[in-house]
Amino acid sequence: MTVTRERLFWLFKSEPSCFSFDDLKARHNGTEHWDGVRNFQARNLLRDEIKPGDGVLFYHSNIPEPAIVGIAEVVSEGYPDWTALDPSAEHFDPRASRDNPVWYMVDVRYVRPLKRPVTLNEMKTHPELSGMVLLKRSRLSVQPVTHHEWEYILRLGGID
DNA sequence: GCCAACGTTGGC
DNA sequence: GCCAACGTTGGC
């Protein structure tokens, strides 16, 4: 018997100059592994908490107008981020090994863009969103989003 | 490009 | 195990 849990929601940050929402769309089946996360709190989420079927808000950071631009979906369990094992990879980590991967990732699949991006500035003006991790601990690159925040942002983004 | 916030490292 | 130094993130 399979035990399922309620669908959960997350926000993944990416610098569009490095990997944008359109880049995800262009991947085979719109699917790509979310590698390169090198923060332990985010690692724990990827390894233990984030499950197939969960919703992902795709956020563009480090640009003049940072914003949530689209929706993606988690399509794998967490599994070892093998880019940490590759000395030639940007996010190589000498501590990682096959026996002790240290870092984890999940696969995400493109779902749809928001009809209009929801900018960081706009989010700051909505009291309903004041509890968002994005506004309180902005540096965490993989972070939880409440169901209420998810619905609210989709509505702001023109999706019902 | 600046710099505040903050996570990580390493000496003690 | 504390905490200063350091490195990185990311808004501006």
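A: Glutamate 77 has a relative accessibility of 42% and counts as partly exposed. In this scheme, buried means under 20% relative accessible area and exposed over 50%, with partly exposed in between (1.4 Å probe, protein chains only). This is a predicted model: local features need pLDDT of at least 70, side-chain atom pairs count only at pLDDT 80 or more, and totals for chains, interfaces and linings use all residues. Residues are numbered from 1 along each chain as its sequence is written, chains are lettered from A and ligands numbered from 1 in the order in which they are written, and side-chain values use heavy atoms, leaving out hydrogens and water.

The side chain of glutamate 77 forms a salt bridge with that of lysine 51, at 3.0 Å from N to O. This pair links distant parts of the chain, 26 residues apart: lysine 51 sits in the loop between H2 and E3, and glutamate 77 in the loop between E4 and strand E5 (79–80). Helices (H or I, at least four residues) and strands (E, at least two) are DSSP runs, numbered from the N terminus. Lysine 51, at 24% relative accessibility, is also partly exposed. A salt bridge here is a side-chain nitrogen of Lys or Arg within 4 Å of a carboxyl oxygen of Asp or Glu, and the count by this rule is eight. Side chains of opposite charge can pair when their charged atoms come close.

Another of these bridges joins aspartate 48 and arginine 47, whose closest N and O atoms are 2.9 Å apart. Aspartate 48 is partly exposed at 35%, and arginine 47 is partly exposed at 31%.

Aspartate 93 and arginine 95 meet in a further salt bridge, at 2.9 Å from N to O. Aspartate 93 is buried, with a relative accessible area of 7%, whereas arginine 95 is exposed at 52%.

Arginine 95 leads on to the DNA. An N or O atom in its side chain is 3.1 Å from a phosphate oxygen of DNA strand B, which falls under the rule for a polar contact: a pair of N or O atoms within 3.5 Å; within protein, one must be able to donate a hydrogen and the other to accept it, and residues adjacent in sequence count only if both atoms are side-chain atoms. The residues around DNA strand B are Asn39, Phe40, Arg95, Lys136, Arg137 and Arg139; to be near a strand, a residue needs a heavy atom within 4 Å of it. Of the atoms of DNA strand B within 4 Å of the protein, 65% belong to sugar and phosphate.

The side chain of lysine 13 has an N or O atom 2.4 Å from a phosphate oxygen of DNA strand C, while asparagine 62 uses a backbone N or O atom, 2.9 Å from a phosphate oxygen. Sugar or phosphate makes up 69% of the atoms of DNA strand C within 4 Å of the protein, and bases the rest.
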